[in-house]
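Thank you all for coming. Please take a moment with the sequence and the structure before I go through a few of the elements.

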Amino acid sequence: MPIKSFQGARKQQNSTESAQLKVRDYMTTKLITFKPDQSVQEVVEALIKNKISGGPVVNEKQELVGIISEGDCLKQLSESRYYNMPLEHDNVEKRMATNVETIDGNMDVFDAANKFLQSKRRRFPIVENGKLVGQISQKDILIAALKLKGENWNSTTKGGV
């Protein structure tokens, strides 16, 4: 007796769908950025106002020079209290992380998801020709996954059936 599949007929996947699953298609391009000479207090105010947890730091040429996060600001806040120093006397350049890991805008969103899991980061900047062009967050990856609801992810990312 032959085994029947209870999944129903499979939809034919075309290879153009795979091209639509790139980081660049889901990244945020309207970014809130910070400058190295900004005060940490300004960053804290911007993070709260915009309900974000951090952002890229760029120079006057829009080149990525670092990332500043809530954690960096908390560290400064804690130290300023310990040393009895006002918050506004510290700047972003002293507090930002400068060892910034970026990803390619042409990377597949599922490969990006794996990179998030391996690195424990919340966001990755995307740089092209030395300039910051966008940022992808874990939430952006989840949005991409929701758009594929009901699809066979493995065949979509591999280009087969």
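Which exposed residues does helix 2 carry on the face turned away from its buried side? They are Ile-48 and Lys-49, where exposed means over 50% relative accessible area, buried under 20% and partly exposed in between, with a 1.4 Å probe and protein chains only.

Please keep in mind that this is a predicted model, in which local features need pLDDT of at least 70 and side-chain atom pairs count only at pLDDT 80 or more, while totals for chains, interfaces and linings use all residues. Residues are numbered from 1 along each chain as its sequence is written, and side-chain values use heavy atoms, with hydrogens and water left out.

Helices (H or I, at least four residues) and strands (E, at least two) are DSSP runs, numbered from the N terminus. In helix 2, residues 40-50, the buried residues are Val-40, Val-43, Ala-46 and Leu-47. Seen down the axis of helix 2, these fall within an arc of 120°, so they line one face; the arc is that of the directions from the helix axis to the C-beta atoms. Lys-51, which follows helix 2, has a positive phi near 55°.

Turning to helix 5, residues 109-119, we find Val-109, Phe-110, Ala-112, Ala-113 and Phe-116 buried, and because they fall within an arc of 155° when seen down the axis, they too line one face of the helix. Helix 5 is followed by Lys-120, with a positive phi near 65°.

Finally, strand 4, residues 131-137, is mostly covered, with five of its seven residues buried.
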